[in-house]
Amino acid sequence: MLDDTFTLKKLEIFLAFMKAGTLADTAENLGMSTVSVHRAIHSLEEGLKCALFRQEGRLLVPLPSALVLEERVLSIVASLDDAVKVTRETAGIYSNKFKLGALYSLTLNTVPRLIAGMKLRKGDLNIELTLDSNEVLFRKLKSVELDAILVSLEPGFRDDDFTCLPLFNDEVLLAVPADSDLSDASPLDLSDFREQTFVTLKKGFATFRDSYRAFDRAGFEPNVVMEVSDIFSLISMVSAGVGYALLPRRVESVFENKIRLLPLKGMGDIRQNISMVCLANRERDPRILACIAECRTYSREL
């Protein structure tokens, strides 16, 4: 059994001495005194209960036992370094893997541009993308399953556990089929649609939250005939005439051949505040710093 005198620090001093060859050179390389180096080596011998060196004048000459210890300790230190690296990578810290979460609708423009920019900043970065609802993405961020997320924040959102970087604001509009005869000449009154059918995203999505905020302001409970799990399915349902929906403006340019987005009277303040969010205690991670820098560039360009 090894006692408390056998420490990793002393092994590091031993390896430094084996490389340098003299007490003076070892002390200079480590920024220690020669007395401290000699004491550490002697303490190792006491802990091992065997000699490692023989004295020849002022020199310590390694015995076969020292050469064997050097070989094995080098292997142990390499294994320990690997263990630390693997442990951090498993926890998502300081690896070349970056786990980004985002809303489905942000894959139309925002996500591709951010990923392309991050790859230019850190070419070795392996980015994994997870698409889900606001609710699920926040849950995965808190459990460190994701490094950063692109989500819609409530107005005035503030939480010291998170670092938030605003990207842009997006208004919520009425989505109708592309061939609808509804006019976009002036804002529509949502209350005029109380007898119509609607399709929505499921609970937990930002667009679900904002839709029901608008319905509540319009003073009616919508006749929802279908709830879906992604915005692309929602757009297909609107295009097919299954029902109307409330959608953010960012989808319009991509799906203008399928749907039209019409402004609503008195709903201008119902907006989605799209932001990048990470855990505050991890914002100095180099991968997250690269994401923050790219998000700032993207926001300035907008």
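User: What does the side chain of Asp-170 reach?

Analyst: In this predicted model, the side chain of Asp-170 gets to the backbone nitrogen of Arg-249, at 3.5 Å. A polar contact needs N or O atoms within 3.5 Å.

User: Why is Asp-170 called buried?

Analyst: Its relative accessible area is 7%. Buried means under 20%, so Asp-170 counts as buried.

User: Where does Asp-170 lie, and which residues is Asp-170 in contact with, leaving aside neighbours within four places in sequence?

Analyst: You'll find Asp-170 in strand β6, which runs over residues 162–177. With those neighbours set aside, Asp-170 touches Pro-248, Arg-249, Arg-250, Arg-271 and Gln-272. For contact, heavy atoms have to be within 4.5 Å.

User: Let's move to helix α3. How do you know that its span agrees with what a helix should give?

Analyst: Helix α3 has 15 residues, 34–48. The rule is 1.5 Å times one less than the number of residues, so α3 should span 21 Å. Its end C-alpha atoms are 21 Å apart, and that agrees.

User: Which residues of α3 are buried, and what covers them?

Analyst: The buried ones are Val-37, Ala-40, Ile-41, Ser-43, Leu-44, Glu-45 and Gly-47. Their cover includes α1 (8–20), α2 (23–30) and β1 (53–56).

User: What comes just after α3?

Analyst: Lys-49, with a positive phi of about 65°.

User: Where does UniProt place the "HTH lysR-type" domain?

Analyst: The unreviewed UniProt entry puts that domain at residues 6–63. In the model, this span is 62% helix and 14% strand, and its end C-alpha atoms lie 19 Å apart.

How values were computed: Residues numbered from 1 in each chain as written. Predicted model: local features only at pLDDT ≥ 70, side-chain atom pairs only at ≥ 80, totals over all residues. Heavy atoms only, no water. UniProt positions renumbered as here; feature names shortened; annotations may be inferred. Helix = DSSP H or I, 4+ residues; strand = E, 2+ residues; numbered from the N terminus. Buried < 20%, exposed > 50% of the residue type's maximum accessible area, 1.4 Å probe, protein only. Polar contact = N/O pair within 3.5 Å; in protein donor to acceptor, adjacent residues only side chain to side chain.
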